[in-house]
Each structure stands twice: as structure tokens, then as C-alpha cells.
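Visitor: Could you walk me through this structure and back up the labels as you go? I'd like to see how each value meets its cut-off.

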Amino acid sequence: MAAVLLRRLFTSEFTEFYKELPQESQAQLLQQILLAVQQEVTPNLRRKICEVVAEVARSLTDEDGNNQWTDILQFLFQCANSPSAQLQESALRIFASVPSIFGNQEAQYLDLIKQMLAKSLEPTADVEVRFQAVRAIGAFILHHDKDEESNVFKHFADLLPRMIMITAESIEAQDDQSLLKLLIDMTETCPKYLRPQLENIFEMSMKVFGATDVEDSWRHLVLEVMVSLSENAPAMVRKRADKYIVALVPLVLQMMTDLEEDEEWSTSDVVTDDDNSDNNVIAESSLDRLACGLGGKTVLPHVMNALPNMLGHSDWKQRYAALMAISAIGEGCHKQMEAMLDQIMAGVLNFLRDPHPRVRYAACNAIGQMSTDFAPTFEKKFHEQVVPGLLSLLDDVQNPRVQAHAGAALVNFSEDCPKHILTRYLNGIMSKLETILNSKFKELVEKGNKLVLEQVVTTIASVADTCEKEFVTYYDRLMPCLKFIIQNANSEDLRMLRGKTIECVSLIGLAVGREKFITDAGEVMDMLLKTHTEGDLPDDDPQTSYLITAWARMCKILGKQFEQYLPLVMGPVMRTAAMKPEVAMLDNDEVEDIEDDVDWSFINLGEQQNFAIRTAGMEDKASACEMLVCYARELKDGFADYAEEVVRLMVPMLKFYFHDGVRTAAAESLPYLLDCAKIKGPQYLEGMWLYICPELLKVIGTEPEADVQSELLNSLAKCIETLGPNCLNDEAMTQVLEIISKYMGEHFERADKRLQARNEEDYDDGVEEELAEQDDTDTYILSKVVDISHALFLTNKAQFLPYFERIAPHFIKLLEPNRSCSDRQWGVCAFDDIIEYCGPACAAYQQIFTPALLQYVTDKSPEVRQAAAYGCGVLGQFGGEHFAVTCAQIIPLLVQVISDPKSRDHENVNPTENAIAAVSKILKYNSSAIPNVDEILNLWFSWLPVTEDGDEAPHIYGYMCDLIQANHPIILGNNNSNLPRIVSIIAQAFVTKVVASISEVGTRMLGIVKQVESNPEVFQACASILTPEQQYALQDAYRELASAAPTTA
């Protein structure tokens, strides 16, 4: 106990008390500790003493690797070379605990370290010494970064075969699992080090996993070794261990059948979480991870080979496991499964009628999971079978678990189902759900059963969310019952039901709209607020998250009217958003005591140190932060009085590294909060920005997660746009330029690494898929970097050009012909901004962008073509007379793009319409060098209508209106013969809603039609060629314009 307490004291307070000791006492303390190691004591006590030594050695090594305890290194070698097995073991144990013990002298000791470890691995060494040597080598390898320190990997590569042999011995002995756990750590951190022994590792693991007489905990660990390798080195496993995967998948599927018979399972009203140590749970999770790691090409064939026998088996457990397997592999095998969905569903649907309730449950599970994994394809293909199938299971009153799960599957199906499909079934679905709601409500009152009722409430909410206004028919029938539940479900065991009903009511309100919901909105808000005013809810109350998200929906519904409730809702929301996590530093022994607690997460920091965080409540915190974003976005200046308080909460949370969602919400909130604060005046706004800006710029440079990086970059761009010109002082501008340079540099580095990965020995299709995903992530971040440059040009115009000069080389590099399509696309976009916002001053970069526009406007990539076509348009519109000749050169290229036979194909239509817009802008603003304007106009008119690009359509149709109102003969035709076509073009624009009727251009277009209408004979000729859809669209546009007229007057 003294040793344990001493270690804990040294861990927490060593440096404080050690530096207070006289030098002589310090030396004496260190000497006594080393003497204690050499005493004859019990193995357990020796272990504790070694931990004390390790702790002192760690504490006496500074950040630069200077070890102030010079005697310890000599002591280690003496013990390792001692004839005493106990001292050898002690040396290895200390080294395993502090693999950094050699500090900055490690390089000169590397050969000696290796000799010490190699000697300890010899077959002649004591068993415990050999085991401890494996732990020491493992700790040392894990201590070194896998990329920068690969020389250490090479240096110690020849020790690996003995390590694996000794690990196999430890498995054989079935006593100490620590070596196997160490191997798992190595598969996660340094799988490449294990490459030479990969086959042996799989051989050893499969031998244990395939032996059903071996204790389950050992089988779980060897399975984890194989799964972890498949996740962390998939290409290596596909190439070198494929034969083991062939054998592994069927064994995992059989482990999934290890289920207990439970007579009460299907009728139980309380669903307990799966035990994560159960064989079937571990096996299902492993199959999911194998599929995600190795990919569908490798895993799916082996699963599909096993499924027919399992699905046709008389034992319900086999059928259950087969269906759960289909659920498990959907994410990892997405591409391959999508191609054979018909075949898979033909099998699954039959099991909705299986005689065993747990098989029916598994069929629901598979359908629910596939509804999510393959949306919306799945919903479009199988709605005719799935909806009736699930509705029939909602009648399974004898088996509430199955009934509830059918409702859950219907939620997944509804969430991603196109509205026009789901509304076909709306009457059937709602009639069933209303019946169950009423019967289960009665059952709740009589028997206290609530499982199915909770689910039905959620299902109703999901259906309402998808069907929106169509749901209004059911509103009056449902709302009284739902409000009754909120008012009366006050006991502790009904908290979840009440929370889900709150969610349901708010989603229905959002679906049917303000007009219908407004009569109940006040009463509903009062009920929700009553929950908090009658006493704070405990931290773990499930109602909290439902309330916070419901208030945000109410805010969207009520708009300005919600402001009256802010004083009441802001307290609970701010408290939840400000919640601080419980954290702790724990050693390995302490982690073992609580590692099964699902409320805690652990990060191993190495050297016996673990960071622990209590994750319970973190989702609620993130949700509350998202709701504050919603209030700021929806209420704008109505939220101004809370803006400062929320900013002071959000800015520090940009560094809340325990939860990505919190940091994302914090970043997203900032431009909205600045917008809210505008009403307080420029001085107030400037003060708020001075508080935000330095912190935002700091975290953009240090954020580790790509998803959050993109949100931070987006936040900075939006803040700049919100604040306008000159919002960055010189220091901040320099930092922003450094951030752009950093991100661009990293972008190019990552692209180079992907190029190298394509030349590695394990490269295959699976690796290419991973690289493509990385490329997508990188492209998205690049787009956000370009957004910052866009915001700076948008707000500062040509004043930003001298600053841009510092970062221009990065953007010029993006334009190189050998770069990827996405690089060239975003490179062109950056220069489009220079042209658009700097006008004639863009000439400073004409040597860069002119050749790029001329080359890329006919590029094979639609995205590059679109960016270049847009650039040609803004060059015509804003470049000025200086670019008249360039504009004339561009026209034939644009004509070539638009005239291509495939120019209106789905993937080409937006670039084509951008090209038509570019021709419109050049003809309108910069046509002086074009010799054949009339010829081009004739062509231009033949390209109409445009129907897709809402941003560019107003330029095209605006130019058309100009020409019509100028009575241009080419457009009007001989004797106005083109009028029917003009009216048809205008009508089609309103059909596709590419132009809004109440916009300036829309109003002009309707004015032209009105003018034609003034001549009944001419208009009759025009109307006769319009489709019914076009006629309706014109009438609808007139109605919209008429209803908007009073507000615009």
C-alpha cells in the first residue's frame, strides 16, 4: 500500500515536493528507491516499486528529453544483465512503463537497448522476463511516431518474430492477456511494423478464434486483433491475409447465432441495452467493422455465400443472424450491395412473416438500416413492398417489441423517402398509427405499458416531417391526444414518452406551418416552459434535449413572436450549453476498473497515463449550442440582447476538443451573432469582433478535425462578409493570409502523399476508394479556403489585390494543367472573383487567368467548364474595354460548348447554362470587337429556354427583356412571328421556377406577356402552343405578383 500511495503522490505532486528537498536528500531518495527494487519482496510489491521508479524517471525528464536522473540508465542495464531473473524483469518493467526514459540520448543507446531486449527474448530466458521483454518492445515501438520514426521500426524489425511467438505462448498458457492486448494496441498504432508477421498473426488468431472450447474472452481478443488490422491496414490484409478472411467471415456469422432463448423477449415493455461482452453483439460489430475496413469487394461475397443456408435454416437463431448481418454490412459494402438490392430484398421481405418474433424483428432491422444506407434509391424501388409489410407488423399486438421495431423501421424509411412517394400511403399509414396511438394510450393508463406508444409518437413525427403541409388533414385528430400526454405524463418513468411527444408536437407544428399551428402554439409553449419553471430538470433527464430542440422549432414557426419567450428559454439552454465535462487523469489500473462504463471515454496517452472524460451529457451540450445558432439565425436583431452573453460562451468553446459538434456549432454561431449585434451600432459590433477575431484565427490554425476545419473556415468567410470592408487590421490580415498559405500548402502536400500511396506495394481498388474519399474531404476544405478569398474580394474589392499578391502563387499553382479537376475548378473560381470584384484592375493578373479561361472553358470536366464559363461572363460584364478582344476570342469557344450534342445532359446542363449566360453578358456589356453580333444573337435565341441555373437565369432573361423592349428584329422576328416562342420561353422559366415571379426580371417577363395579352388575336396564337403546365405556371406567377404588390408598393 505504501508503494501504491507513493506512486500516486509522485504522479500528482512529485516536482512540487522534490524541488523543496536539499540536494543531499534528493540523492538519498533516488538511491533508496533503486535499493528497494533490489530487495527480495513479493512479485506484486516489486511491480509497485517499479512503478514508483518509472514515475520518478518520468518526472525527472524535461520536455527537451534531458534526464536529470543519470544513474537510472546505468541501473537499467545492470539489472538487465544481472543473473537474477527478478532484476531483469524489473528493468524491463521500468522501461515498458517509461519507454522515453533515455530521452535525448536515445539514439546513442539504440543498439544497447536492442541488445538488452533481444537477450531477454531468448528461449533460455525466464518466462516472465520474456513476457516483460515483449511488453517493453511494444511500449518502445508505440512510443515512436509511425511515420517519422520508421527507422526505429526497421532497427527493431528482427525482434518481431520472437515477440509473436512469445505472444502465442501466452495464449497457450491461457493466463495473462496483456501481450494480446498489447498486440491490439500495435495493430491500431503501428500496423506497418507488423507487416512481416501478418500471416503468422492471422494464423495464431484464427487457431484460437476457431476453437469453440477456448474461453470467450480470449476469442474476443484475437478477433479484435484481426478486425483492428483490417481497419488500420486494409490494403495489407487484402493482399497478404485474404485466405484468412475467407475463413473468418463464416466464423463471425456463426458467432452471431450465439443467442439465448428468452420467452419474455418479445413481450417485454422495457428494452435493456445489449451487453457489449455478449458473443453475438461482438460478432455483429466485428462484421460491420470488417466490411467498413476491407470494403464490399472483399467481404460481401463471403457473407452472401453463407446467407442462403442461414436464411433457410430451421433454427431461428440462424435466420436472425443472417438478417442482422445484412444490417451490419450495409455501410461497408454500400457500392456492391446497391447493385444487388433487388436480390437482397427478395429474401428479406419474406421474413416479415416469419413464425419467430425475433426473426421478424431482425427483418424490420434490416429494412430500417437499408432505408438509411441506400436512401433514396431504396425508398424509390421498394416502397410498394416495404410500407404494406411494415404496416402489417404494426398489427403484431402479441409481440410489442416487434410492433415497436416496425414503427422504428418506418421512421428510417420516412426520413429519406421522397415526399411524393410517402404521401401516396399517408392515409393508410396514419389510419394505422392513429388506431395504435389510441389503443396504446389506453394500455398505458390501464397497464402502464409504454414501449409501443413511445415509438408510435416518434413515427408520427417522422411521417409529419416528410409530408409537411399534406399532414394538415390529421392535425385536429392528433393534437388533443398529444397535448394530453405532455400535460399528464409527469411521473419519472414517463419522462422519455413526454420528451418524444414534445418532439412530435413541435415537428407537426413545423410541418403544417404557422397558420395552422398558431392556435395551439401558445398553449404548447406554456406546457414546455412549465417543465422548467416548476423545478430544474436533473442533468440526465431525457426531456432536456427534446425541450431544447422543440424550442428551436417553435422559434422557426413563430419567428418574431418567439422573442417573448426568450427570457424563459435562454436560462435552461445556456446552462446546458455551458455544461462542463467531468475529466480525470487515470493510470492503467484505474482505467481497468471503469473501462466498461459506457458513460466514460478514454484516450491512452502512453506511459501509464490515460485521459478520461465522462461523455454523458455531451450530446445535450452540442444540441443546446446548435439551438443557440438557430435563435441567432432566425431572430436576428430580436436576439441582440443575448448576443454578447452567447458570444462569451461560444468563443471559448471553439477549443472544446471533447466534442466536434460543440466546436462546429460554436463556429457556425459567430457570423449570425455579429449580424444580431449590428443593431447595437458600429462601436459595439467592432468590440465584439475584436473579441472573436483573435480566437477564431488561432483555432483555425490548430483544429485537428477536417469537418470542424471546414466549418471554422466558413465561419471566418461569413464573418468577413457580415462585417464588410476593412474589418481586418494589418495584424489580423497577415494572420488570415498565413492561414490561407498554411491550408494551401497542406492541400498540396496531401495530394502528393496520395500520389505516393498509388505507387505503394499494397495499392489496390480499396485503397483508391479511400484516397478518393480523402480527395473529396480535401476539395471541400479547399472550397472553404477559396470562400475566404471570395469574402475578402467581395468586401474590399481592388483594395485586397496587394494582399492577394502574397498568396497568389498558391492559386496560380491550382491552375496548372496537371492538377486535379477540383484544383483547377477552385483555382479558376478564385480568379473569377478577382475579375468580378476588381473590374478593370484585374488586368494585373490577365497573363494568368486569360490563358486559363480560354483553355478550361472547353475542359472535359463539367465543374471546370462551369467555373471557366462563369469567368468569361464576368470578364465581359466587369473587365472593361481592355478585354474586348479577349471576349471576342471567347465567343466561338462558348458556342462550341453550348452546341455540343450532349450539352443538355444532366451533368452538363449547368456549365452549358453558365456558357449561355456568359454569351449574354459579353453581348450586353463588351461586344465591340465581335464582328458577327447578329449571327451570334440568332444562335443565342435558339438556345433558350434555360431551366436549371437560378443564379445565371436572371442575366439571360434580363438580356432577353432588354432586346424585346428594344424591339430587336432578330428576337421578335418578321412581323413579330417569334412572339409565341417568347411567351413559351417565359412560361417555361416559371414552370421550372428558375426565375421568381416577384423578382425584377420576373416582373419584366410578366409585363411582356401582359403586353402580348393586350392583343387577343396574337395572344390566342401564343397560348395555343403552351402546355397546360405552362399555362398554370403563368397564372400562378400572376397570382404571386398580385399578392406581393401591396408589400412592394
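Predicted model: local features only at pLDDT ≥ 70, side-chain atom pairs only at ≥ 80, totals over all residues.

Visitor: What makes the contact between glutamate 760 and lysine 192 a salt bridge?

Guide: Their side chains come to 3.9 Å, N to O. The cut-off is within 4 Å for a Lys or Arg nitrogen and an Asp or Glu carboxyl oxygen, so the pair qualifies. Glutamate 760 lies in the loop between helix H37 (730-757) and helix H38 (765-796), and lysine 192 in the loop between helix H10 (178-189) and helix H11 (198-209), so the bridge ties together parts 568 residues apart in sequence.

Visitor: How many salt bridges does the structure hold?

Guide: There are 49. Lysine 698 and glutamate 695 give one of them, at 3.6 Å, N to O. Both sit in helix H35 (residues 682-702), 3 residues apart, about one turn of the helix. Lysine 698 is partly exposed, with a relative accessible area of 48%. Salt bridges also link Lys742, Glu746, Arg750, Arg754, Asp775 and Asp778 in a network.

Visitor: Let's turn to rings. Why is the pair of phenylalanine 77 and phenylalanine 102 called tilted?

Guide: A search of the whole structure finds 29 aromatic pairs. In this one, the ring centres are 5.6 Å apart and the planes make 45 degrees. Pairing needs centres within 6.5 Å, so they pair; stacked needs under 30 degrees and edge-to-face over 60, so 45 degrees comes out as tilted. Phenylalanine 77 lies in helix H4 (residues 71-80) and phenylalanine 102 in the loop between helix H5 (85-97) and helix H6 (106-121), so the pair ties together parts 25 residues apart in sequence.

Visitor: Which residues do ring pairs link into a cluster?

Guide: Phe793, Phe800, Tyr803, Phe804, Phe811, Phe831 and Tyr845. Phenylalanine 804 lies in helix H39 (residues 801-814). With 0% relative accessibility, phenylalanine 804 counts as buried. Phenylalanine 804 and phenylalanine 793 are 11 residues apart in sequence and 9.2 Å apart in space, C-alpha to C-alpha.

Visitor: One last thing: what makes the patch that includes glutamate 264 one of negative charge?

Guide: Its members are Asp258, Glu260, Glu261, Asp262, Glu263, Glu264 and Asp278, and Asp and Glu count as negative, so the charge label follows. Glutamate 264 is found in the loop between helix H14 (242-255) and helix H15 (279-294). Patch residues need over 30% relative accessible area; glutamate 264 has 59%, so it clears that and counts as exposed.

Definitions and conventions:
Residues numbered from 1 in each chain as written. Heavy atoms only, no water. Patch = residues over 30% accessible without salt bridge, like charges linked within 9 Å, V, L, I, M, F, W, Y side chains within 5 Å. Areas by Shrake-Rupley, 256 points an atom, 1.4 Å probe, with all protein chains shown as cover. Charge placed at Lys NZ, Arg CZ, Asp CG, Glu CD. Helix = DSSP H or I, 4+ residues; strand = E, 2+ residues; numbered from the N terminus. Buried < 20%, exposed > 50% of the residue type's maximum accessible area, 1.4 Å probe, protein only. Phe/Tyr/Trp six-rings, centres within 6.5 Å; stacked < 30°, edge-to-face > 60°.
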